[in-house]
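Me: I'm new to this one and would like to go through it step by step. Could you put it up so that we can start with the core?

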Amino acid sequence: MAELAALDDPKAREVNEKHGDDHGVNLSKLRAVAKRLKTQQELARRLWDTGDTAARLLALLICRPKAFERDELDVMLREARTPKVHDWLVNYVVKKNPHSEELRLAWSADPDPVVASAGWALTIERVAKKPEVLDLVGLLDVIEEQMKDAPDRLQWAMNHCLAQIGIEHPGHRTRAIDIGERLEVLKDYPTSPGCTSPFAPVWITEIVRRQNDK
């Protein structure tokens, strides 16, 4: 904890806080600490229990993803106060855990929109890697009905799922683009030069074009 405190940079903290992340540790430096520590499950649990954001990010880098029980991960997700901790927990730990499919189904149906967004994040991966476990038509129905009025984090995850379906599954591409055009979610999102817009019709069209150019 002392080492993490020494790495805290006020300027980095200021930037991170604009995104809802209350820490000031450069992530490259955090990864260097994790590389030195290697995998230490017990230390990871103790770091997580501090409640400190930088400590929790470090915990997620040095933990053993398959060692967590289902209920433990559920509690951790609900405790994950900041976007970066939430994202790393889902992507670095839950996706590699044997309970991930069970959690995906439970979280997707959760009334808390931030928890539900984690379920959708896991669904996005299934769209690309395990579409056979999904009802893609049913997913598009839910997105069409709920995405427009969903809270930010949940809306972002649903929109990503919509784009992923359109990119990965040509049979559903026309409908995915049509849903995006009608709902206009993230249509006016500011996009830096050289970056792809998160507006689903543009996102789908651009990524498919790149794939076809290869």
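Me: Which residues touch the most other members in the largest nonpolar core?

Reply: Of the 32 residues in the largest nonpolar core, those that touch the most other members are W48, L58, L60, L73, L89 and W107. A nonpolar core here is a set of buried Ala, Val, Leu, Ile, Met, Phe, Trp, Tyr and Cys residues joined through side-chain atoms within 4.5 Å, and buried means under 20% relative accessible area, with exposed over 50% and partly exposed in between (1.4 Å probe, protein chains only). Please keep in mind that this is a predicted model, where local features need pLDDT of at least 70 and side-chain atom pairs count only at pLDDT 80 or more, while totals for chains, interfaces and linings use all residues. Residues are numbered from 1 along each chain as its sequence is written, and side-chain values use heavy atoms, with hydrogens and water left out.

Me: Which helices supply at least two residues of this core?

Reply: At least two residues of this core come from each of α3 (27-37), α4 (41-49), α5 (53-62), α6 (70-79), α7, α8 (100-108) and α9 (113-129). The helix that gives the most is α5, with seven residues. The helix names follow DSSP runs numbered from the N terminus (helices are H or I with at least four residues, strands are E with at least two).

Me: Is α5 enclosed or open, then?

Reply: Nine of the ten residues of α5 are buried, so this helix is largely enclosed by the rest of the structure. The buried residues in α5 are T53, A54, A55, R56, L57, L58, A59, L60 and I62, and their cover includes α1 (2-7), α3, α4, α6 and α7.

Me: What is L58 in contact with?

Reply: Leaving aside its neighbours within four places in sequence, L58 is in contact with L4, L30, V33, A34, L37 and L47, where contact means heavy atoms within 4.5 Å.

Me: And where does A44 sit relative to L58?

Reply: The C-alpha atoms of A44 and L58 are 7.5 Å apart in space, while the two residues are 14 residues apart in sequence. A44 belongs to helix α4 and is buried, with a relative accessible area of 4%. Not counting residues up to four places away in sequence, A44 touches A59, I62 and C63.

Me: What happens at the start of α5?

Reply: There, a side-chain oxygen of D52 reaches to within 3.2 Å of the backbone nitrogen of A54. That is a polar contact, meaning a pair of N or O atoms within 3.5 Å; within protein, one must be able to donate a hydrogen and the other to accept it, and residues adjacent in sequence count only if both atoms are side-chain atoms.

Me: What lies over the face of W48?

Reply: R56 does, at 4.3 Å from the ring centre. For a charge to sit over a ring, NZ of Lys or CZ of Arg has to be within 6 Å of the ring centre and within 35 degrees of the ring normal.

Me: Switching to aromatics, how many aromatic pairs are there?

Reply: Rings of Phe, Tyr and Trp (its six-membered ring) pair if their centres lie within 6.5 Å, with planes under 30 degrees apart counted as stacked, over 60 as edge-to-face and the rest as tilted. By this rule there are two aromatic pairs. W88 and Y92 form a tilted pair, 5.1 Å centre to centre with 35° between the planes. Both W88 and Y92 lie in helix α7 (residues 83-93), four residues apart, about one turn of the helix.

Me: How many disulfides does the structure hold?

Reply: The structure holds zero disulfides, a disulfide being a pair of cysteine sulfur atoms within 2.5 Å. Among the cysteines, C63 is buried with a relative accessible area of 7%, and C161 counts as buried at 0% relative accessibility.
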